[in-house]
Amino acid sequence: MSEAPVLPRDGHSRVLWRNVAGAGAALHLARAASSLTRPLLVITRDAATVARLEDELRFFAAPGLSILTFPDYETLPYDQFSPHPDIISQRLRVLSRLPVMGAGIVITDLATSLQRLPPRSFVDGHALSLAVGEVLDLEQFRLRLAAAGYASVPQVAAPGEFAIRGSLFDVFPMGSEAPLRIDLFDEQIDSIRSFDPETQRSSERLDRLDLLPAREFGLSPESIRDFRRRFRTRFEGDLTRMPTYRDVGEGLAPAGIEYYLPLFFDSTSSLFDYLPAGSVAALPAGHEELLLGAWRDIEARHEERRYDIEHPVLAPAEVFLPPEEWATASSERPQVWLEPPGAAAAMGPAVADAEVVDCRAAAADLVRIDARREDTIRAFASRLDSHAGRVLLVAESPGRRELLFDLLRPFSVEPRTVASWQEFVAGDAPVAITVAPIASGVALADPPVSLGRRTRGPAGHDLRRGAAFWRAGAAGTPAPPLRTRPRAHHPATRRPAPRRAGRARRLRRRPLSRAHDHGRGRHAGRVPGARVCRGRQALRAGAGPRAHQPLHRSTGRIRAVAQARW
């Protein structure tokens, strides 16, 4: 392997990685993170890229390199419902680890990085620790958990819940993979065990328990008092008609309370404030325009919600970082900009003061592999056989891997199975194959790599394209992956027509008694005049071309078909 990619050095606060496409970004980021002693914050264009990049980073990263994801709320700005507890748990786990994190990678998207977060003092001050042998005042501990946002329930099932049953104290800590059970002997902690919330069976024994707050804000009497005071200064009108103000006053966390987070604190923080000194931020090229687009979306959502007198909303600049403030916060950290091939003209003067590094990671050449056409398989096998360098094929599942074995075996191509990228690089097999979630193609020049991706060909047939060739260098550089995914079914197999479609049509034309009205009998509760078959087709009673249409389009005509018979 060649040296790690260039990172910001003295005299340069910004480095531009030019010509980075597809999975080449994950490979270069993984190698760069291994050379750092502090975390590398990777900010992607959108949430979908976060999931793809995480999978690719885990494939290329060295064993032991920590990879964390800071997820978004999965709600639109100012929505009146809250994120899933698992999302809050994951966010709090990242926020607690980030200030003291060593080498590793933290991934998030641009829109999520705009969110204002609780100050670091809140996360640190509301963390609780228990150890076996300590004396625990159960009542005081229960009050502290309630102030940290934990909910008292009969039986623990989700993060942020706790239950007291005699001498047993069950709690599902935020950031934990499983709930924990504390067994007390009088007032002393006798044991701490994890357990299955479904079977209630205890498993692993622990010596220590660390608890994070249940939410990104507190519900202590002081926090509630501060929230209500700031709420009154922000909004006018009849407070008794505002459920958010009323519920928080009662110690409850109403749906959508996350977008009132600044009312709980004197000041807020950004994700950049949680980074330790020496951290590096990796940003997509052209992120300025993406930030402006995200900010316009936030302002549009605010304009939609601002006229609801029962659910008033805070100004966008109070809940999110404006682009100018985000740029100031991010510029305090060394930056790496990732520029795809062909984007140099769009960058303009923004990178005039940056050190430019050509990573030579372009889009991969596509090679067609069609299981129904023997000539495509023969051409691919011939290319593998005649290639002077090493080749790594990457399949999406063990089944696809075995299918690729079957396709290449008649042409005397026997790839060696490897478990990871590191095993392939350390080996000497001319052709190898592995299973990994590589979702994008890339062609690297150093080391030379091509990764393909699945496309769809004419007539709706699936084509699995991709070939990876690694030209051997002067030093015998090992070569890279290829991703190919041939069709899973037999070449001669055709998709059968939906079954019972004709029977469904006969049922639609069958005359039915008026006694089977939609309001009573065995058809009670059904949409009048609608019938659904397995082909996802809504078949309505009556004749005419409108009898065959999707159910979501027929609902708008319920009044017109209300007198149709079943």
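Two rings of Phe, Tyr or Trp (for Trp, the six-membered ring) pair up if their centres lie within 6.5 Å. By that rule, the count here comes to 18 aromatic pairs. Keep in mind that this is a predicted model.

**Stop 1: two ring pairs**

Select Phe60 and Trp421. Their ring centres are 5.3 Å apart and their planes sit at 75 degrees, so this pair is edge-to-face, a label for planes over 60 degrees apart. Now look at where they come from: Phe60 is in helix 2 (residues 47–60) and Trp421 is in helix 15 (residues 421–426), so the pair links parts of the chain 361 residues apart. Phe60 and Trp421 are both buried.

Next, pick Phe122 and Phe265. They also form an edge-to-face aromatic pair, with 5.3 Å from centre to centre and 70 degrees between the planes. Phe122 belongs to helix 5 (residues 120–125), while Phe265 lies in the loop between helix 8 (243–249) and strand 13 (280–284), 143 residues away. Buried or exposed, what is Phe265? It has 11% relative accessibility, so it counts as buried, the cut-off being under 20%. Phe122 is buried too, at 5%.

**Stop 2: a cluster of rings**

Select Phe217, Phe227, Phe231, Phe235, Tyr245, Tyr260 and Phe264 together: they form one aromatic cluster.

**Stop 3**

Switch to cartoon view and find the six strands that form an open sheet in the order 6-7-8-9-10-11, with mixed pairing. Strand 6 (151–152) and strand 11 (202–206) are at the edges with a single partner strand each, so one side of each has no neighbour in the sheet. Now colour helix 6 (residues 138–147), which packs on the sheet and touches strand 7 (161–165), strand 8 and strand 9. The direction of helix 6 makes about 160 degrees with that of strand 7.

Zoom in on strand 8 (residues 168–171) and strand 9 (residues 180–185), an antiparallel pair with four bridges. Leu168 stands opposite Asp183 in strand 9. Then select Arg181 and Phe195: the charged end of Arg181 sits over the ring of Phe195, 4.2 Å from its centre.

**Stop 4: strand 1**

Finish with strand 1 (residues 14–20), where five of the seven residues are buried. Strand 1 runs parallel to strand 14 (residues 335–339), joined by five bridges, and Arg18 has Glu339 as its bridge partner there. Strand 1 also pairs with strand 15 (residues 355–362), again parallel and over five bridges; select Val20 and you'll find its bridge partner in strand 15, Ala361.

Definitions and conventions
Residues are numbered from 1 along each chain as its sequence is written. This is a predicted model: local features need pLDDT of at least 70, side-chain atom pairs count only at pLDDT 80 or more; totals for chains, interfaces and linings use all residues. Side-chain values use heavy atoms; hydrogens and water are left out. Two strands pair if DSSP finds at least two bridges between them. Helices (H or I, at least four residues) and strands (E, at least two) are DSSP runs, numbered from the N terminus. Contact means heavy atoms within 4.5 Å. Axes are lines fitted to C-alpha atoms, for helices over the stretch in contact, and angles run from 0 to 180 degrees between N-to-C directions. Rings of Phe, Tyr and Trp (its six-membered ring) pair if their centres lie within 6.5 Å; planes under 30 degrees apart count as stacked, over 60 as edge-to-face and the rest as tilted. Buried means under 20% relative accessible area, exposed over 50%, partly exposed in between (1.4 Å probe, protein chains only). A charge sits over a ring if NZ of Lys or CZ of Arg is within 6 Å of the ring centre and within 35 degrees of the ring normal.
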